[in-house]
Amino acid sequence: MSARDDPPPTYSKTDAIILRTYDYSETSLVLSMLAREHGRVQALAKGARRPKSTFEGQIDLLAEGQAVLLMRPATGLHLLTEFYCRERHLPLRGSLDRACAAGYAADAAGAASPEGTPQHEIHDLLSQTLSALESADVLAVLPFFQLQLLRHSGYLPNLESCAACGARIDAGDARYSFARRGLTCPDCRDEGPHAVDVSRAAIALILGLARSGPAALGRTHVAPPLASEAILFLARLIAASFEHETRALRSLLSVLRKRRR
Ligand SMILES: [Zn+2]
């Protein structure tokens, strides 16, 4: 395609959450953002590292606000022309648990939001999750976020029947097979390396969360070992669905392991 055929740049106003920032030059930043109208985008914030830039006090990790983007699809790097921060989520920085959980949620939401399609549900889910993580128990917030993320992106597996034979799985522990993308019953049990055991209690917790609405975010009290098991299991499903295995996940897992002791 010649430059003449490239679509002309257009301006777009969209709610957005800043997922990551990278130094681009001595004066500019590149932001990875979850834009409600466009999915995950990379945008250049020119002059954002200068002390008196128009972005002063607006751009921050996990800040939410309204962005004006000059969309340049041909380059893959859009231009951020304005950002009005509405919410900085500062309490998230006060504790390692909250910071790790928020970092993981931002990373997973970004991985589940390919560029080019509106991501209203995932954007709003991340926004609600970051707010909930400011005060609610991390172990109560995360499984709900993970479950809804899988659901909104169409990757929530059937956790009620065997992926091989279709039999209902209603008693005892089960084994989740990544090859079959579902639980396997004792008869069809996947003994391969790409399968993990899941307790009956963790499956019941996840199914219960699946039936509850957004009001449940952060409100269910679950014993830490069970919550951790559900979070680890859902994190594996997310990692397999979106092919993301990141630093944020590893930090979260180490924090969870400490809490389980
Ligand atoms: Zn079976």
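Q: Before we start, what should I know about the numbering and the model?
A: Residues are numbered from 1 along each chain as its sequence is written. This is a predicted model, where local features need pLDDT of at least 70 and side-chain atom pairs count only at pLDDT 80 or more, while totals for chains, interfaces and linings use all residues.

Q: Into which domains is the protein divided?
A: Domain bounds come from an automatic or database domain assignment. Here you get domain 1 (3–88) and domain 2 (91–260). Their centres, taken over C-alpha atoms, are 29 Å apart.

Q: How many residues of each domain are in contact?
A: Two residues are in contact if their C-beta atoms, placed from the backbone, lie within 7 Å. By that rule, 13 residues of domain 1 meet 17 residues of domain 2. On the domain 1 side, β1 (10–23), β2 (29–35) and β3 (39–45) each supply at least two residues. That side has five nonpolar, three polar and five charged residues. In this count, Ala, Val, Leu, Ile, Met, Phe, Trp, Tyr, Cys and Pro are nonpolar, Asp, Glu, Lys and Arg are charged, and the others, Gly among them, are polar.

Q: What is the strand order in the barrel?
A: First, the terms: helices (H or I, at least four residues) and strands (E, at least two) are DSSP runs, numbered from the N terminus. Two strands pair if DSSP finds at least two bridges between them. Here five strands make a closed barrel, β1-β2-β3-β5-β4, with mixed pairing. From one strand to the next, the twist averages 50°.

Q: Which strands pair with β4, and over how many bridges?
A: β1 pairs with β4 in the antiparallel sense over eight bridges, and Lys13 has Val68 in β4 as its bridge partner. Strand β4 (residues 64–71) also pairs with β5, again antiparallel, over seven bridges. Take Leu70, which stands opposite Leu79 in β5. β4 and β5 form a hairpin with six residues between them, and Gly76 in the turn has a positive phi of about 80°.

Q: How do β3 and β5 run, parallel or antiparallel?
A: They run parallel, with two bridges joining β3 to strand β5 (residues 78–87). Leu44 stands opposite Leu79 in β5.

Q: What is the strand order in the open sheet?
A: The order is β7-β6-β8, with antiparallel pairing. β7 (182–184) and β8 (195–198) are the edge strands, each pairing on one side only. Strand β6 (residues 174–177) and β8 share four bridges, and Tyr176 stands opposite Val196 in β8.

Q: How do I read two packed helices?
A: Two packed helices are described by the angle between their axes and the distance between the axes. Axes are lines fitted to C-alpha atoms, for helices over the stretch in contact, and angles run from 0 to 180 degrees between N-to-C directions. The axes of helix α4 (residues 200–211) and helix α5 (residues 224–242) come within 9 Å and cross at roughly 75°. So α4 and α5 are roughly perpendicular (under 35 degrees counts as roughly parallel, over 145 as roughly antiparallel, 65 to 115 as roughly perpendicular and the rest as oblique).

Q: Which residues of α4 and α5 meet?
A: Ala201, Ala202, Leu205 and Ile206 in α4 meet Leu226, Glu229, Ala230 and Phe233 in α5. This contact has seven nonpolar residues, no polar ones and one charged.
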